[in-house]
Amino acid sequence: MVRLRPTEDIRPFAEFRAHLAAVVAQVRRTRRPVILTQPGRSAAVLVAAEEYETLMDRLELLQDIRTAEQQLARGRGVSHTRAKATMLARLPR
């Protein structure tokens with residue numbers, strides 16, 4: 001994700017509502033999120049759909065890695081030889 005520019009990417013909700021199409025176009029063009037505020041406090045973040053999908057994919061991968069690390073720490077790992085044999089057995093011949 002591209003780095004946020006506070007002078008351009010933080011908008012009051014009322015301004016967002018008044019210029020909805022322009023703000024959405026900015027997010028899509030710059031690929032930077034826009035932080036929406038309601039009385040001066042962060043309330044929501046507008047992110048391009050493609051960026052959201054990328055973030056969710058990364059989050060899922062990180063969660064899978066954490067689960068695998070926890071399983072390894074509990075001794076629930078599988079040796080390379082066993083994993084390879086299992087995967088080769090599943091491949092169509």
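Trainee: Hi! How many salt bridges does a search of the whole structure find?

Mentor: Hello! The search finds five of them. Keep in mind that this is a predicted model.

Trainee: Okay. Which side chain meets Glu8 in a salt bridge?

Mentor: That would be Arg32, with 2.8 Å from N to O. The two sit in distant parts of the chain, 24 residues apart: Glu8 belongs to helix α1 (residues 6–9), while Arg32 is in the loop between α3 (20–30) and β2 (34–38).

Trainee: And is Arg32 buried or exposed?

Mentor: Arg32 is buried, because its relative accessible area is 6% and the cut-off for buried is under 20%. Glu8, at 35%, counts as partly exposed.

Trainee: What about Asp9, which residue does it form a salt bridge with?

Mentor: Arg32 again! The closest N and O atoms of Asp9 and Arg32 are 2.6 Å apart. Asp9 lies in helix α1 and Arg32 in the loop between α3 and β2, so this pair ties together parts 23 residues apart in sequence. Both residues are buried.

Trainee: Which residues are linked in a network of salt bridges, then?

Mentor: The network joins Arg5, Glu8, Asp9 and Arg32.

Trainee: Nice. Switching topic: where are Arg31 and Glu51?

Mentor: Arg31 is in the loop between α3 and β2, and Glu51 is in helix α4 (residues 49–73), 20 residues away. They form a salt bridge too, with the closest N and O atoms 2.8 Å apart.

Trainee: Is Glu51 buried or exposed?

Mentor: Glu51 counts as buried at 9% relative accessibility, whereas Arg31 is partly exposed at 33%.

Note on methods
Residues numbered from 1 in each chain as written. Predicted model: local features only at pLDDT ≥ 70, side-chain atom pairs only at ≥ 80, totals over all residues. Heavy atoms only, no water. Salt bridge = Lys/Arg side-chain N within 4 Å of Asp/Glu carboxyl O. Helix = DSSP H or I, 4+ residues; strand = E, 2+ residues; numbered from the N terminus. Buried < 20%, exposed > 50% of the residue type's maximum accessible area, 1.4 Å probe, protein only.
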